[in-house]
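Good morning, and thank you for joining.

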Amino acid sequence: GASTSTGGANAVGGAGGGTAGNGGVDNKGGGAGAGGAVGGGGAVGLGGLGGTSGTGGMLSSGGTGGTAIMCIGTHPLVNGTTRYCDAGDTYCAALDKCFPDAVAQYCCG
């Protein structure tokens, strides 16, 4: 994330000028004292560096396709009013067809 730093403190100004000198023998005034040095401003703090970005999520692949089922039934065997299928097949009354036992639940619905 972003971070910041505070600026540096400004330096305090120098002391005021010196006092005037005492009068000399010939009554000339003494030279004025030199003024104090002015303090320089403090350095401004630099902003912090931005945080690193997160990595993207993994992309998952799709599942594999299933085996296609052919729902082509056969005509049932009839004995009077009774309809039935050969061994290994299941009768589907809704469609009036026989389907192999392995796919009957998918084809008959």
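The sulfur atoms of Cys 71 and Cys 107 lie 2.0 Å apart in this predicted model, forming a disulfide. Its handedness is left, with -80° about the S-S bond. Cys 71 sits in the segment before strand 1 (77-79) and Cys 107 in helix 1, so the bond ties together parts that are 36 residues apart in sequence.

In total the structure holds 3 disulfides. Another joins Cys 85 to Cys 98, with an S to S distance of 1.8 Å. This link of Cys 85 and Cys 98 is also left-handed, at -90°. Cys 85 belongs to the loop between strand 2 (82-84) and strand 3 (89-92), and Cys 98 to strand 4 (residues 97-100), so parts 13 residues apart in sequence are tied together. Both Cys 85 and Cys 98 are buried.

There is also the pair Cys 92 and Cys 108, whose sulfur atoms are 1.9 Å apart. Here the torsion about the S-S bond is about 85°, so this disulfide is right-handed. It links distant parts of the chain, Cys 92 in strand 3 and Cys 108 in helix 1, 16 residues apart. Cys 92 is buried at 1% relative accessibility, whereas Cys 108, at 30%, is partly exposed.

Counting bonded cysteines along the chain, the pattern reads 1-5, 2-4, 3-6.

Which residues make up the largest nonpolar core? They are Cys 92, Phe 99, Val 103, Ala 104 and Cys 107. Helix 1 (residues 101-108) contributes the most to this core, with 3 residues.

Methods
Residues are numbered from 1 along each chain as its sequence is written. This is a predicted model: local features need pLDDT of at least 70, side-chain atom pairs count only at pLDDT 80 or more; totals for chains, interfaces and linings use all residues. Side-chain values use heavy atoms; hydrogens and water are left out. A nonpolar core is a set of buried Ala, Val, Leu, Ile, Met, Phe, Trp, Tyr and Cys residues joined through side-chain atoms within 4.5 Å. Buried means under 20% relative accessible area, exposed over 50%, partly exposed in between (1.4 Å probe, protein chains only). Helices (H or I, at least four residues) and strands (E, at least two) are DSSP runs, numbered from the N terminus. A disulfide is a pair of cysteine sulfur atoms within 2.5 Å.
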